Amino acid sequence: MGSWQRLLLFRGVSLRGGARACAPLCGRQMLVCWRQLSGAESETLKQRRTQIMSRGLPKQKPIEGVKQVIVVASGKGGVGKSTTAVNLALALGANDSSKAVGLLDVDVYGPSVPKMMNLKGNPELSESNLMRPLLNYGVACMSMGFLVEETAPVVWRGLMVMSAIEKLLRQVDWGQLDYLVVDMPPGTGDVQLSVSQNIPISVSHPVGTSWWQILIGIPFGAVIVSTPQDIALMDAHKGAEMFRKVHVPVLGLVQNMSVFQCPKCRHKTHIFGADGARRLARTLDLDVLGDVPLHLNIREASDTGQPIVFSQPESDEAKAYLRIAAEVVKRLPSPPDHPPASCSLPEA
């Protein structure tokens, strides 16, 4: 239908028998025609928009050898996300020594895993020209921090960052892992989208996900870390909504720095507020996976490269991470019998 025909329809005129005869439409007929025309155009535009946007998305492929992926994210920096990711990875292994655990640091601009895991050096290359993760405390680790100098800033634009993320995801020889914990950068930008849209998902997700995502997907969920402070919770809310928009299930929230207990008088103070993450969890219809106190030992252990789950496993602080790891595992779906291998997928 041409634009002049639309104009006539819009003005209440119907073309019958071509351009020879014109008859006015009644109000109801005009409304029906207009709705039909608008609905068809809306659907066409929606499909066209989806096609255009999909051109810039990474091709979804499972990570070879990895059974389950756990993304640890936060909307705001400085809330203890990396500390949580490191101790969560260690806690997953401590809770079940038969499980192989990996830790991927995709915070390109501020990698923390090398220092927290007491690792230095460049990854070696396998025979297939893949980077081999560095290993410590029984956890296989990969980070941008292994590829650049410790004090060298990464001054890259978006496309270079996306290329680096692709390499960290696809060009690492993880072997066979039961869990891969991914330490995300703060925010809801390019890196979060790239990781979230790079890995097929095999858990409950909205209608519209392609059949091949369900077929070859791997269990994949996000853990949101926040302090109880209102300012941090605002960004944590955005982070949870971002994962929902890209169909990544949010497993729950971790309330970090929940309370400070004086080591002398044992008085407890809620420095960042009390139970803010629980209020947010109710708003989002999510669970709180656990609370981690604000404690000097956690900070000192991280700074010395001996995370508290490893160095002080019997402490109350370490037990908090162990409980969180157990809650995370409960919420992950059962992994496939065999880790997915690389395969070609349909074009987006």
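Two strands count as paired when DSSP finds at least two bridges between them. In this predicted model, strand β8 (residues 220-226) meets that definition with β9, through five bridges in the parallel sense. Strand β9 spans residues 250-256.

- Strand β9 is mostly covered, with seven of its seven residues buried.
- Asparagine 256 has valine 292 of β12 as its bridge partner.

**The β-α-β unit**
- Helix α8 covers residues 230-245.
- β8, α8 and β9 together form a β-α-β unit.
- The unit is right-handed.

**Packing of α8 and α9**
- Two packed helices are described by the angle between their axes and the distance between the axes.
- Helix α9 (residues 276-284) packs with α8 at an angle of about 30°.
- The axes of α8 and α9 lie 10 Å apart.
- Angles under 35 degrees count as roughly parallel, so α8 is roughly parallel to α9.
- The α8 and α9 crossing is right-handed.
- From α8, the contact is made by Asp230, Leu233, Ala236, His237, Ala240, Glu241 and Arg244.
- From α9, Gly276, Ala277, Arg279, Leu280, Thr283 and Leu284 make the contact.

Terms used
Residues numbered from 1 in each chain as written. Predicted model: local features only at pLDDT ≥ 70, side-chain atom pairs only at ≥ 80, totals over all residues. Heavy atoms only, no water. Buried < 20%, exposed > 50% of the residue type's maximum accessible area, 1.4 Å probe, protein only. Helix = DSSP H or I, 4+ residues; strand = E, 2+ residues; numbered from the N terminus. Right-handed = clockwise from strand over helix to strand, strands pointing away. Axes fitted to C-alpha atoms, helices over the stretch in contact; angles between N-to-C directions. Parallel < 35°, antiparallel > 145°, perpendicular 65-115°, else oblique. Left-handed = near helix turned anticlockwise from the far one by under 90°. Contact = heavy atoms within 4.5 Å.
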